[in-house]
Amino acid sequence: MTGFSIRLAREDDAQDFFKVEDDAATLLREEPSLEGIPLPPSSSADHHAKVIAKGRSLAALVDRQIVGFAEAGPVGRELHLHELSVTRAHQNKRIGATLLGALKIDARNSGYRAITLNTFRDIPWNAPFYARHDFVELLNLEGHPHLAESLESAVALGIPAERRCAMIHFLD
């Protein structure tokens, strides 16, 4: 698909990242299988600015408006994907897949050995989406304390442990 562009995120994108994430999160809030399960709120613009400042986040634009982003930060020799979001109006147009592909290229070229993330195991646009893009579930979290902490935080929030998973994509 054409009609969108990808660029490195800038700190002044933080408010737009908040808006995109909040819009995309509506899908989780409306997901019937998550009824009664507490979901974390969208990250604040300040939080987005801090992650963007690490220099590994990407923005997707349509007509100079941010419609999606991949927000990542380094954890040792790995890049951790904190959030991949696309506005509902722009989903199913390969924007998320393109952001993920661009993030893989940047991570590989920068010498990272893998990209990690935490997500819902059974929501179609979560773990199954990442599995289609060569991520695998990481069952042993030894050596990945950031992933274990994220899963523990989700459980502490009230999300059933069996609904969440950690995933990794090894870069060639």
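Student: Where is Asp-134 found, between which helix and which strand?

Tutor: Asp-134 is found in the loop that leads from helix 4 (127-132) to strand 6 (136-137), and it should be kept in mind throughout that this is a predicted model.

Student: Why is Asp-134 called exposed?

Tutor: The relative accessible area of Asp-134 is 54%, and since a residue is called exposed when this value is over 50%, the term applies to Asp-134. Even so, with residues up to four places away in sequence set aside, Asp-134 touches Ile-168 and His-169, and its C-alpha atom is separated by 9.7 Å from that of Met-167, which is 33 residues apart from it along the chain.

Student: What makes the backbone of Asp-134 worth a remark, given its phi?

Tutor: Most residues other than glycine have a negative phi. Asp-134 is not a glycine, and yet its phi is positive, at about 70°.

Student: Which loop holds His-133, and why is this residue called buried?

Tutor: His-133, too, is found in the loop between helix 4 and strand 6, but its relative accessible area is 16%, and because buried means under 20%, His-133 is assigned to that class. Leaving aside neighbours within four places in sequence, His-133 is in contact with Ala-97, Leu-100, Lys-104 and His-169.

Student: What is the phi of Arg-94, and why is this residue called exposed?

Tutor: Arg-94 has a positive phi of about 70° although it is not a glycine, and it lies in the loop between strand 4 (78-86) and helix 3 (95-109). Its relative accessible area is 54%, and as the cut-off for exposed is over 50%, Arg-94 qualifies.

Student: How do you know whether Asn-92 is buried or exposed?

Tutor: One compares its relative accessible area, 84%, with the limit, which for exposed is over 50%, and therefore concludes that Asn-92 is exposed. Asn-92 has its place in the loop between strand 4 and helix 3, and its C-alpha atom is 18 Å from that of Asp-122, a residue 30 positions apart in sequence.

Student: Why does Leu-34 count as buried?

Tutor: Leu-34 has a relative accessibility of 4%, and because values under 20% define buried, Leu-34 belongs to that class. This residue sits in the loop between helix 1 and helix 2, where, apart from neighbours within four places in sequence, it is in contact with Leu-28, Leu-39, Phe-120, Ile-123 and Arg-163.

Student: What describes the packing of helix 1 and helix 2?

Tutor: Two packed helices are described by the angle between their axes and by the distance between those axes. For helix 1 (residues 14-30) and helix 2 (residues 45-52) the angle is about 115° and the axes are 8 Å apart, and the crossing is right-handed. From helix 1, Ala-14, Gln-15, Phe-17, Phe-18 and Glu-21 meet Ala-45, His-48, Ala-49 and Ile-52 of helix 2; by class, this contact comprises 6 nonpolar, 2 polar and 1 charged residues.

Student: Which residues does Lys-54 touch?

Tutor: Lys-54, in the loop between helix 2 and strand 2 (58-62), touches Gly-73 and Pro-74 when residues up to four places away in sequence are not counted. The C-alpha atoms of Lys-54 and Glu-11, 43 residues apart along the chain, are separated by 9.7 Å.

Student: How do you know that the radius of gyration of the protein chain agrees with that of a compact globule?

Tutor: For 172 residues, a compact globule would have a radius of gyration near 16 Å, and the protein chain has 15 Å, so the two agree. The C-alpha trace spans about 40 × 35 × 30 Å along its principal axes, and 48% of the 172 residues count as buried. Among contacts with a separation of 6 or more, 72% are made by residues 24 or more positions apart.

Student: How many helices and strands does the protein chain have, and how do they run?

Tutor: The protein chain has 5 helices and 7 strands, which run from the N terminus as β-α-α-β-β-β-α-β-α-β-α-β.

Terms used: Residues numbered from 1 in each chain as written. Predicted model: local features only at pLDDT ≥ 70, side-chain atom pairs only at ≥ 80, totals over all residues. Heavy atoms only, no water. Axes fitted to C-alpha atoms, helices over the stretch in contact; angles between N-to-C directions. Helix = DSSP H or I, 4+ residues; strand = E, 2+ residues; numbered from the N terminus. Left-handed = near helix turned anticlockwise from the far one by under 90°. Contact = heavy atoms within 4.5 Å. Nonpolar A, V, L, I, M, F, W, Y, C, P; charged D, E, K, R; others polar. Rg over C-alpha atoms; globule rule 2.2 N^0.38 Å. Buried < 20%, exposed > 50% of the residue type's maximum accessible area, 1.4 Å probe, protein only.
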